[in-house]
Amino acid sequence: MSVKIYVPGDSAALSVGADAVAEAIQREARKRRLDVAIVRNGSRGLFWLEPLVEVETAEGRFAYGPIEAGEIASLFDARFLSGRAHPKAQGRIEDHPYLKSQQRLLFARCGIIDPLSLDEYRAHGGLKGLERALASGSKTIIEDVIASGLRGRGGAGFPAGIKWRTVAATSADQKYIVCNADEGDSGTFADRMIMEGDPFVLIEGMTIAALAVGATKGFVYIRSEYPHAFAKFDAALAVARQGGLLGRSVLGSSHAFDIETRLGAGAYICGEETSLLDSLEGKRGQVRFKPPLPAVSGLFGKPTVVNNVLTLASTPWILAHGARTYADYGMGRSRGTQAFQLAGNVKRGGLVELAFGATIRSLIKDFGGGTATGRKIRAVQVGGPLGAYFPDSLLDTPLDYEAMLAAKGMLGHGGIVVFDDSVDLSRQARFAFEFCAYESCGKCTPCRIGSVRGAETIDKIIAGKDSEKNIALVRDLCTVMTDGSLCALGGLTALPVISALDHFSEDFAPRPSRIAAE
Amino acid sequence: MTRKLAWDDKLASRLIEERKSQAGALLPILHALQDAFGYVDRAAIAPIAEALNISKAEVHGVVTFYHDFRDAPAGGRVLKICRAESCQSMGCEALVEHLRDAHGLKVDRRDGVGPLKVETVYCLGNCALSPAAMLDGQPIGRLTAAKLDAIADEARA
C-alpha cells in the first residue's frame, strides 16, 4: 500500500516552493522504488512552516517544515515515511501547540482533507448541516442562524440571520445568494484559505442560505489577486454538480440551486457590498445609496443575500451542531469563533481560529511569538487598512466587535498586522489617506477629495510646516470623512489616521530632532 | 512565461460574442480579452458597446475604473509587488527601491515596454509570508532582494 504524503496546494505554500517540493518527493520516491501517493491539501495555516509536508502513519500525521526541494533526499534518508526524526520534524501535527490551543470549527477540515474530494468532505462531517437544513425548512434554518448569534464576518458584523429573514420575507420571482470573496484587506487570507482548502464548506453554506431565503442562483465574487482560489473553487463547483450537491435537485431534493464564480478586477472598493453588486452587473464598482437594502433590492434589482465567505461557511457547522453550541463560544454580543489572521512582522504568522474575546497580546505573543525581525513591537493594526493602529498599552483589548469599537478601532475581517519599532506612524497615516484616494470609487466628495487633501496635509506635517494647525486640520477632515462618506472606505479611513495621531503623536512632532536622529 | 497574442479584431469579436448573453457580461468579456492579448485595446470598446447595447462611454468608464485592465500590451513578464501594510511592515518599500536602484525598474511606469513590468498591488492574501509578490500569476512569498535579482536577470535573458 502506498504511503500518503500531504504537500499543500494552497497559494501561500506555492509561493515558497510547494510545487517543487511535491515534484522532488515524487522523483525521490521513484528513485528509491517507494510507493507514495501525494495529496495536495489546503494549508493548516501555520505559514511560517510552509511548505509543510505531512506523512500519514498508523500513529497519525507527522509533519516536517519548512521544507525546501533540496532537503527531500535527507527526509527519505531519515525515514520520514515512518514519521522518524529529522531536523525539520514538527512531530504529530495535531499535537502542535499552535493548532492544539485553537478552537477550529470553521477551519476544522482545512489542511486536512483533499479539497476536491467530496467523499473526504463528507467523511469529515461535511453536508450534515445541509441535510438538516433540507429536513427542517426555511423557517427553522433562519431561526437557528439568528439564535447562533452569527454576525457578518466581512467586517460590518450585521446579524446574518436577520439579513436572511428580510430576504426570505421579500417576495420576488428571483432571489440571489452573493458571496463576497473580495478579500482585499491587508493582513487577511482566511477567505482564500477556505476557497483553496475546504471549498465545499462554502458551497454548502451558500446552499443553506439559498434554502433559507428561496434563492436558486448564487454568485461568488472572487478578487483577481486570487487566481488559484478562483481555479480551485471553480473546480470544486464542477465536483459539486457532479456529486448532486448543486443543480436542479440539491441532494435529491426538490430544491434547485447553482453557483457561478465571477472574477473581480483589482478594485478594493468592490469588497463593499453594493459596489460588488454593481461590479457583478457589469458596471463600475461604485457604491449605491441605501436604502433600498440589497436584501430588498440587490443584484439586478432582486432580493439578495450578500455575505462574506466566512459568514456563509460558518452556517454548515451551526446547522450540524446546533445554534446553542455555536453561541456557547465567544463573549458579549460576539458569538462563535473568529478566524484571526496573524500577519506582517510576526515570527509565526498564520491562521488562528478562536472564540471571540482573545486579546491582541495573547495572539501576537502566544501564537505569533513576537516580531520576525526580533525587534520590539511598536504598533499593531487590527482590521485591515481601515483599522486602528494600537500601541502596547492597548494590546490587552479583547478581540470582539464591541470592545474593539470602544477602543476606537474595529475588528473588521480579523486581520492583525504587527509592526516593529522601525515603523513611522506618520507615514502609515499618510498611507491610509493615499490608499483611500487610490481605491475611492469617487461617488462621494468626502472620500474622493478628503483622501487627497488628507495625504497632502500629512505631507506638510511631515515636512514640519505649521504642525499644530495642520494636525487640527487633519482631525477636522477625519470628522467630515467619518460623518459624510457614503460607505466604510471614506468613513473608516479616520481610524488608522486618528489612532496614529492619538497613540503615536511623537511621530508627528516637528521634525528637526528626528531628522538629526536619523 | 505567458505569451500573449497580438490584437486581433476577429478573435476579440468571438470572445465578446461567446460571453455577451451572460448576466453582467462586461467584466467576463474584459477579462477574456486581457487574458488573450494582455490588454484591452481601444478598438474593442465599440464592438463591446454594440454587443451589450450600452454606450461606448459606459464601456470606457468600466475599463478605466478597474486597476486590472491595461490599455497597452505589457510586453514581457509582469511582476506585481504588494505594497500594502503587511508587506510594508516587512520592508516592501526597500525592495521597490532596490528594483529601481539595482535594475532601473520603476514601479507602475506607463511609458515604454521592457522585459519586466513591475506593478503595485494592494494585498495578495499572502500576508503571513510578507513581503509578497506575483510573477505572471505565480505567487512568491518571503520576497528578498536576491529573489528580485534572479527574477530581473531571468526576464532580461
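I start with chain B, where the C-alpha centres of domain 1 and domain 2 lie 29 Å apart. The domain bounds come from an automatic or database domain assignment; domain 1 of chain B covers 9-65 and domain 2 covers 77-156.

Before going on, the ground rules. This is a predicted model, in which local features need pLDDT of at least 70 and side-chain atom pairs count only at pLDDT 80 or more, while totals for chains, interfaces and linings use all residues. Residues are numbered from 1 along each chain as its sequence is written, and chains are lettered from A and ligands numbered from 1 in the order in which they are written.

Chain B overall, then. Its C-alpha atoms fill a box of roughly 50 × 30 × 20 Å along the principal axes. Chain B has 7 helices and 4 strands. Helices here are DSSP runs of H or I with at least four residues, strands are runs of E with at least two, and both are numbered from the N terminus. Read from that end, the order in chain B is α-α-α-α-β-α-α-β-β-β-α.

Now a helix pair in chain B. Helix α1 (residues 9-19) and helix α3 (residues 45-52) of chain B have axes that come within 10 Å and cross at roughly 25°. Axes are lines fitted to C-alpha atoms, for helices over the stretch in contact, and angles run from 0 to 180 degrees between N-to-C directions. Angles under 35 degrees count as roughly parallel, over 145 as roughly antiparallel, 65 to 115 as roughly perpendicular and the rest as oblique. α1(B) and α3(B) are therefore roughly parallel to each other. On the α1(B) side the contact is made by B:A12, B:S13, B:I16 and B:E17, and on the α3(B) side by B:P47, B:I48 and B:A51. Contact means that C-beta atoms, placed from the backbone, lie within 7 Å. By type, the residues of this helix contact are 5 nonpolar, 1 polar and 1 charged. Ala, Val, Leu, Ile, Met, Phe, Trp, Tyr, Cys and Pro count as nonpolar, Asp, Glu, Lys and Arg as charged, and the others, Gly among them, as polar.

Next, the sheet of chain B. Its 4 strands form an open sheet in the order β2-β1-β3-β4, with mixed pairing. Strands pair if DSSP finds at least two bridges between them. β2 (116-121) and β4 (138-140) of chain B are at the edges with a single partner strand each, so one side of each has no neighbour in the sheet. From one strand to the next the twist averages 25°. Strand β1 (residues 77-82) of chain B pairs with β2(B) in the parallel sense over 6 bridges, and B:I81 has B:T120 as its bridge partner in β2(B).

Over to chain A. An open sheet of 5 strands there has the order β2-β1-β3-β4-β5, again listed as mixed pairing. Strands β3 (residues 53-57) and β4 (residues 60-64) of chain A run antiparallel and are joined by 5 bridges; A:E54 stands opposite A:A63 in β4(A). Helix α2 (residues 18-31) of chain A lies across β1 (3-6), β2 and β3 of chain A, at about 170° to β2(A).

Last, where the chains meet. How many residues does each chain put into the contact? Chain A gives 47 residues and chain B gives 34. β12(A) gives the most to the side of chain A that touches chain B, with 4 residues. That side of chain A divides into 22 nonpolar, 17 polar and 8 charged residues.

Key: Two residues are in contact if their C-beta atoms, placed from the backbone, lie within 7 Å.
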